[in-house]
Amino acid sequence: MGIVNVTPDSFSDGGRWLDHADAIAHGRELVAEGAAILDIGGESTRPGAEPVDAQEERRRVVPVVEGLRDAGAQLSVDTTKRVVAEAALAAGATLVNDVSALRFDPELAALVADAGCDVCLMHMLGEPRTMQEDPRYDDVVADVRAFLEERVAAAVAAGIAEERISVDPGIGFGKTLEHNLALLRHLDQIVALGRPVVIGTSRKSFLGRITGRDDPHQRVLGTVATNVLAYERGAEVFRVHDVAATRDALAVAAATLGP
Ligand code: HH2
């Protein structure tokens, strides 16, 4: 899953693809590098980010979805808002990637159910503005697993087909370095929920904490290492900025681990 951020303030590539034509060209490049899914987002969820008005988010995202309709990848919209998801689905998206796991907008679950599209439910503690202020868990792996189990049940109760649902432990969303590492180390427990697992470590700050790399662009090798380990533990979708590097690493990991 290649990331297309149509935002001025994303933590690693804010402002680079704000122009629609640039974002579309970038998405096509990621498909050429081997992305099977493009995740298009118009609101940064980095720690401390301020929410974006739905109209503005829709204005950023929809023309990019339209422009990537024939790019040869599944199109995903990274949003928590029904109006944005609805417009993106009408423009050609078939996956809603909701970092709030259908909690922030009470109308989003019904839209996903009616559309019959795919949905990714992600764990986050709190909300982006405040989530990194002293996050605490009894047992991070058990807590995240229980949360995702409950959100899958809520989605099914809202009429979403279970086979349309993937889950994501939400690396960096209300988590310390230790929390992120515990989730990666015990990812098999999230995989045991029985739904495809999406993992998003790409260039995130915990990799900088380990490697000493302050510049997110220098965290590609750390990103690759975590994705190989997540693959080995059963993750199926890898949300990354650096598609070519990740594809190569996963191809080698797959060949080594065997069928
Ligand atoms: N991470 C980000 C955004 N959306 N969605 C899923 N399912 N999993 C993730 O880990 C995830 C996500 C944050 O990364 P990015 O889009 O690069 O930055 P920003 O939120 O600043 O735009």
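A polar contact here is a pair of N or O atoms within 3.5 Å. The model is predicted.

**Ligand contacts**

An oxygen atom of the ligand lies 2.7 Å from a polar backbone atom of T45. S44 contributes through its side chain: a polar atom there is 2.7 Å from an oxygen atom of the ligand. The protein covers 99% of the 490 Å² of accessible area that the ligand has on its own.

| Residue | Protein atom | Ligand atom | Distance |
|---|---|---|---|
| S44 | polar, side chain | oxygen | 2.7 Å |
| T45 | polar, backbone | oxygen | 2.7 Å |

**Shell and pocket**

The ligand is surrounded by 17 residues. The closest are S10, S44, T45, D168 and K204. By class, the shell holds five nonpolar, seven polar and five charged residues. The ligand takes up the space of the largest pocket.

**Aromatic pair**

Ring centres must lie within 6.5 Å to pair. By this rule there is one aromatic pair. Its members are Y231 and F238, with ring centres 6.2 Å apart and planes at 45°, so the pair is tilted. Planes under 30 degrees apart would count as stacked, and over 60 as edge-to-face.

F238 counts as buried because its relative accessibility is 9%. The cut-off for buried is under 20%.

Key
Residues numbered from 1 in each chain as written. Predicted model: local features only at pLDDT ≥ 70, side-chain atom pairs only at ≥ 80, totals over all residues. Heavy atoms only, no water. Phe/Tyr/Trp six-rings, centres within 6.5 Å; stacked < 30°, edge-to-face > 60°. Buried < 20%, exposed > 50% of the residue type's maximum accessible area, 1.4 Å probe, protein only. Near = heavy atom within 4 Å. Polar contact = N/O pair within 3.5 Å; in protein donor to acceptor, adjacent residues only side chain to side chain. Areas by Shrake-Rupley, 256 points an atom, 1.4 Å probe, with all protein chains shown as cover. 1 Å grid on protein atoms, 1.4 Å probe; cavity = no way out; pocket = protein on both sides within 12 Å on 5 of 7 lines; lining within 4 Å. Sits in = over half its atoms within 2 Å of the grid points. Nonpolar A, V, L, I, M, F, W, Y, C, P; charged D, E, K, R; others polar.
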